[in-house]
Amino acid sequence: MKLQLVSRICPDHPADDVSSETVRPLGGALLGRQLPVVLPDWPVQRIAAPLLGSAAGSWQETWLSVQIVTCGNDEGVAWCRAGQLLYGVIDLDEADFPGQADCSPLQAASCEAYRRIFRLLDAQGLPHLWRVWNYLADINRESHGLERYRQFNIGRQDAFLEGRRGATGNVPAACAIGLAGGPLSIAFMAGDSPAVPIENPRQVSAYNYPADYGPRSPTFSRAALVYPPGQEIFFISGTASIVGHRTLHPDDVVAQTREALANIAAVVAEANRLCRGPAYALDALSYRVYVRHAADFPRVRETLAPLVGTSAEIVYVQADICRHDLLLEIEAIASHGLENC
Ligand code: 3EB
């Protein structure tokens, strides 16, 4: 495998377990209530969300590449590049954005973050965003007359349109998750070839959601197949208990878990029609599950375990979901080597 995601309980020193002659870290994420003070020297997204069902204080995920990695910091984006592939992280403090009557600080920060990402990608000659991880504080709180997730959606879509990237169809896989505090934090992976976007036949595409969910639709695809050399990576976006465009089972966390997994199964079936490698299966994905209420975690785990099988890796964290009636969201990832590509 050329590009590899390794996950583990945080080592004492982050560089210890990933440095070697043959693989080099490209970037990654740290999840947990208490994040280590010593950070790796590659771009790391800090996700301050309590782990559920784990004694560990934090969890580290690192993308490793066999290619030469070059790194930099431009436009406030910390990035590393391996061949035609780039991973970056940008954190913006909303307090640095005064906002205006028609544009809240969060909307301004969201637009600026994506503008800077697009400028970096243009400068690097790697125009195609593949996967984006968005985290913001108090995602469901209303301010400036609008829920904060909806403010974020305006800023994000503005930047896509300004950067002459369409806001429908060819858009990256993503998640947008609420944390208790901290900056607007956006991590991304991008490349020189377009991602193959995948939609879910059970759901209205998010970029076509009606205005009931905010003045601007979210800019993401349900999943993406992407092609680093010799490889296919399958990114499944944050997936919730939404059918059509409506939330189902608003007060039933077990039913929401089953519905979210039915959506993931539908996305996997779509991907299997389009993928170039072997088919993907639910028990061979690596999952991240965001649970709104920690007290729901045992029931979510009990419901999910028999549906995804024992071989699937699942990391559970407590975090807020972008609609107040959603109790959980599940994202997943898998990768296959491609022999003749
Ligand atoms: C949904 O399906 C649930 O705004 O980037 C999932 C994945 C969700 C990504 C985003 C939002 C986003 O609408 C929420």
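1. Helices α3 (residues 253-274) and α4 (residues 297-308) have axes that come within 9 Å and cross at roughly 30°. Axes are lines fitted to C-alpha atoms over the stretch in contact, with angles from 0 to 180 degrees between N-to-C directions. Helices are DSSP runs (H or I, at least four residues), numbered from the N terminus. The crossing is right-handed, meaning that the near helix is turned clockwise from the far one by less than a right angle.

2. The model is predicted: local features need pLDDT of at least 70, side-chain atom pairs count only at pLDDT 80 or more, and totals for chains, interfaces and linings use all residues. Residues are numbered from 1 along each chain as its sequence is written, and side-chain values use heavy atoms, without hydrogens and water.

3. Val253, Val254, Thr257, Arg258 and Leu261 of α3 meet Arg299, Val300, Thr303, Leu304, Leu307 and Val308 of α4. Contact here is heavy atoms within 4.5 Å. Seven of these residues are nonpolar, two polar and two charged.

4. A second pair is α1 (residues 105-124) and α2 (residues 148-162). Their axes come within 7 Å and cross at roughly 35°. This crossing is right-handed. The contact includes Tyr114 and Phe118 of α1 and Phe152 and Arg156 of α2. It divides into eight nonpolar, four polar and five charged residues.

5. The ligand is surrounded by 13 residues (a heavy atom within 4 Å). The closest are Tyr149, Arg156, Tyr209, Arg222 and Cys322. Polar side-chain atoms lie 2.5 Å from a ligand oxygen for Tyr149, 2.6 Å for Arg156 and 2.8 Å for Arg222. The protein covers 99% of the ligand's own 360 Å² of accessible area (Shrake-Rupley method, 1.4 Å probe).

Definitions and conventions: Helices (H or I, at least four residues) and strands (E, at least two) are DSSP runs, numbered from the N terminus. Ala, Val, Leu, Ile, Met, Phe, Trp, Tyr, Cys and Pro count as nonpolar, Asp, Glu, Lys and Arg as charged, and the others, Gly among them, as polar. A polar contact is a pair of N or O atoms within 3.5 Å; within protein, one must be able to donate a hydrogen and the other to accept it, and residues adjacent in sequence count only if both atoms are side-chain atoms.
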